[in-house]
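I opened the notebook to record what I looked up in this structure.

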Amino acid sequence: MNTIATETIAVGARQTGAEGQFDSSSGAKKIGDVILDVQNISLRFGGVKALTDISFNVREHEIRSIIGPNGAGKSSMLNCINGVYTPQEGSITFRGQTFSHMNSRQVAEMGVARTFQNLALFKGMSVIDNIMTGRNLKIRSNLLLQALRLGPAEREEVRHREFVEHIIDFLEIQAHRKTPVGQLPYGLQKRVDLGRALAMEPQVLLLDEPMAGMNVEEKQDMSRFILDVNDEFGTTIVLIEHDMGVVMDISDRVVVLDYGKKIGDGTPDEVRGNEDVIRAYLGTSH
Amino acid sequence: MGFFLETLFGGLMTGMLYALVALGFVLIFKASGVFNFAQGAMVLFAALAMARFAEWLPHWLGFESKLLANLLAFALAAVVMYAVAWLIERLVLRHLVNQEGATLLMATLGITYFLDGLGQTLFGSASYQINIGMPKDPMFLFENTFQGGVLVSQEDLIAALIAAALVTGLTLFFQKTKTGRALRAVADDHQAAQSVGIPLNRIWVIVWTVAGGVALVAGMIWGSKLGVQFSLATVALRALPVVILGGLTSVPGAIIGGLIIGVGEKLSEVYLGPFVGGGIEIWFAYVLALVFLLFRPQGLFGEKIIDRV
Amino acid sequence: MFYRENGQFKTSYQADQQIFPIAQDRWAVLLLVGLAFVAVPLLASEYLFLSVLIPFLIMAMAAIGVNILVGYCGQISLGSGAFMAVGAYAAYNMYARIPDMQMLVAVLTGGAFAALVGIVFGIPSLRVRGLYLAVATLAAQFVCDWAFLRISWFTNHSTSGSVSVSNLHVLGLPVDTPAQKYLFCLSLLVVFGLLAKNLVRSAVGREWMAIRDMDVAAAVIGIRPMYAKLSAFAVSSFIVGVAGALWGFVNLGSWEPAAFSVDRSFQLLFMVIIGGLGSILGSILGAAFIIVLPIVLNLLLPWLGSLFGLEVSIAAVEHTQVMIFGALIVWFLIVEPHGLAKLWSVGKQKLRIWPFPH
């Protein structure tokens, strides 16, 4: 297994991260209060129970991972937070406001962005255009101004273009900015997906298996990006990931799901030693 | 009251004719997930073929019997429709396997135009007759209950019976035979069907041939009633609301939808028409379909459409 | 290639984002437009104006409108004929009923009414898509067909069912001779083409394309599907409505509802498919293709037939034309879904590296 290899990679990445959130005296990250609180969420599709009574919280500036075997309901959980699915029971509190179901646009406006497991890129558009769509909420000029493309509209477009170019530099995809995303290799498409989410300047970033299908080098790059985002911008990150080495190394806290139920919650070390978690992964019959 | 019943029957008969065309739509959609806009053109093409063959065959083969001419023409037209089905699968469908619905719809739109032009080039563009010996005299029903009786066209009645027989046959085919099951599997998921060994291409040819056969029957009946003109091609546009109402995947839905629209059109034209200047038939079917679209897109009997995230 | 495109580096994002970033392209287009304005009126015959150029210009504008809805926003529409009709009849009513009404104002108002109708018939797009949306737009088509046929107020209670306009002026200048009509339509096409191009390359255009490509993901980014779809319907119908008004006023002079029937809707859809979905240039190319093809066939086929000793009747030419359209639609959808516009850019790419194959 490449646990050791990825451990080294992730640690190395952390060491090259910027000062940002690191408290230089103790070397510990400044993790804030609870920013997202999921309470008793239950989600059903007809007879299938995707999530049963899930509760956990996420603190500001931390990296919180959600792990579990396939089909445990991890993506469904993110979909509930995002407003794509509406849970039958439970509520979600974001920055003090409680909702029984989230509206996608509202969630986006509140500063929550996400990437998708199966890539939800706009295949017909170039990389730049895809990432620019992430700026959509911030663009103020109306239809008429855009049609005429006079002073204010043009300047605004250029301003947002500058911001997007920073993201492109950060993700090192400059060479591909005009390419239609459908033509890019999978690893690069994943980066564009991340770039689009970053363009929203989110406070909370939901990452749904950002390293799926990547080789060791690509995972190294992606880990570095995630850590840099967390360090430089202080973005809270909720991460679904299967690679245990990466998860245990970069996460501050971990939630473990299995068959729609929560079976573990705590720091990586706590979770690593949890009997239920070990059983779930080794596959004892339920 | 008698007049109301007459209008009602008239509407039911027209509805049955719509239903026949709608049946072709449903068959192809059920089996391949393709909405075949060209069904109307296929009806026209089949009707033209039959009409012309019935005329030409006696000359080519040198016999007199009308009945023989009609039978041979029917058979020949069926062969032609099979060829059309095979060509469509080979040249068009095979290359568009994984495209989305809108692309396939537009492709069948192209096929419509092509068949339209081809039919008129091969068979001529004048108005032709199909004479299959349908009784043209009307008959009077319920003469004891209503004064003078209720006027019903015998031709329409026979057409309705033929349609009913066709529908029953098709429903049995889908539910009870192995091929029918294969067709339903293909409609559900192309790749899964392929992976259990169902030969996709052959299935499609079968489906389009069956649809072609239905088109032939529909064309025969319409053509016998109205004469074969190219307004028959706009028949597709009349039948489209029927499948929305009945549900794109439901054979009985096509019939019931057809009847509802046929009756609705006639009744609204007769009773509401005078208030709005007439011509309600132009839009009635479509506005009814629109209402269904907004509140119940799957129609009366169709399967619920689920969009996976 | 005819000219070297390298070495034109941009130092500002504004320069990078222009419609024609390569200088030679800019010059070529300006030259083309200049020729269109100056040389063509001097050289073209009346037949060319009336049968080819004016219909082409108006249809190109309508095709741009339809492409915005179908190509950029991915909402299939078979009701474009109806929106043209609304534009034409609304403009007519403004022009005929209000004294001293300027034609340009009437035409633009016609577009505004068409936009309103477009928004109303675009509401189903919030619930359904694909075939079902096509049916909804067909409902619009047939309701409008009926309204302009049977509700006599729309035709100013004309006994014949058709309406006509005359004595057209724009800003005091007469729009009477074919050359003047041509220049008027050309000016409007250039203006609307520019506005459309600006829209599709800005935030609104990206919203439309996002909805087309994946509307669930679009919602998660914060794009409102309702606003995006209805704005597409509104802008598209506005342009199509203006084109409809022009078609009636300038091209036909007098018209009946049949001029905007469902066949017109299909014709526009074909222009957009053949020209290229999601391309302003494609709309123009598609319109040119569809307007010019029948004329070419009318000349070509009888000549071809005479080579083989066959007499080719007018009906036969028409049937062949219909067959060729159908075959082309299918061919383009299979081989090059992005139509003539894509073929053009692929051709340019090949020319760039010619004589090397890649």
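Below are my entries, topic by topic.

**Ground rules.** I am working with a predicted model, where local features need pLDDT of at least 70, side-chain atom pairs count only at pLDDT 80 or more, and totals for chains, interfaces and linings use all residues. Residues are numbered from 1 along each chain as its sequence is written, chains are lettered from A and ligands numbered from 1 in the order written, and side-chain values use heavy atoms, with hydrogens and water left out.

**Chain A, overview.** I counted eleven helices and ten strands in chain A (DSSP runs, H or I of at least four residues for helices, E of at least two for strands, numbered from the N terminus). Of its 286 residues, 55% are buried (under 20% relative accessible area; exposed is over 50%, partly exposed in between; 1.4 Å probe, protein chains only). I then checked contacts (heavy atoms within 4.5 Å). Among those in chain A with a separation of 6 or more, 69% join residues 24 or more positions apart.

**Chain C against chain B.** How many residues does each chain bring to the contact? Chain C gives 36 and chain B gives 43. The two bury about 3,600 Å², 81% of it on carbon and sulfur atoms (accessible area, 1.4 Å probe, lost when two parts are put together, summed over both). I looked for salt bridges across this interface and the rule finds zero (a side-chain nitrogen of Lys or Arg within 4 Å of a carboxyl oxygen of Asp or Glu). On the chain C side, α6 (131-150), α11 (262-275) and α13 (314-335) each supply at least two residues. The largest share, 13 residues, comes from α6(C). By class, that side has 29 nonpolar, two polar and five charged residues (nonpolar: Ala, Val, Leu, Ile, Met, Phe, Trp, Tyr, Cys and Pro; charged: Asp, Glu, Lys and Arg; polar: the others, Gly among them).

**Salt bridges.** A:Glu165 pairs with A:Arg177, with the closest N and O atoms 2.8 Å apart. This pair links distant parts of the chain: A:Glu165 sits in helix α6 (residues 151-171) of chain A, and A:Arg177 in the loop between α6 and α7 (186-199), twelve residues apart. Buried or exposed? A:Glu165 counts as buried because its relative accessibility is 4%. A:Arg177 is at 24%, so it counts as partly exposed.

Next I took A:Lys219 and A:Asp243, which meet in a salt bridge at 2.8 Å, N to O. A:Lys219 lies in helix α8 (residues 216-233) of chain A, and A:Asp243 in the loop between β8 (236-240) and α9 (244-250), 24 residues apart. Both are buried.

A:Asp221 and A:Arg224 also pair at 2.8 Å, N to O. They are separated by about one helical turn because they are three residues apart in helix α8 of chain A. I also noted a salt-bridge network of A:Glu62, A:Arg64, A:Arg253, A:Lys262 and A:Asp265.

**Cores.** The largest nonpolar core has 296 residues, and A:Met77, C:Trp208, C:Phe249 and C:Trp255 touch the most other members (buried Ala, Val, Leu, Ile, Met, Phe, Trp, Tyr and Cys residues joined through side-chain atoms within 4.5 Å). Helix α3 (residues 46-72) of chain C gives the largest share, 17 residues. Leaving aside neighbours within four places in sequence, the contacts of C:Trp255 include C:Tyr89, C:Tyr92, C:Phe249 and C:Phe260. A second, separate core of seven residues includes A:Ile67, A:Val247, A:Val254 and A:Val277.
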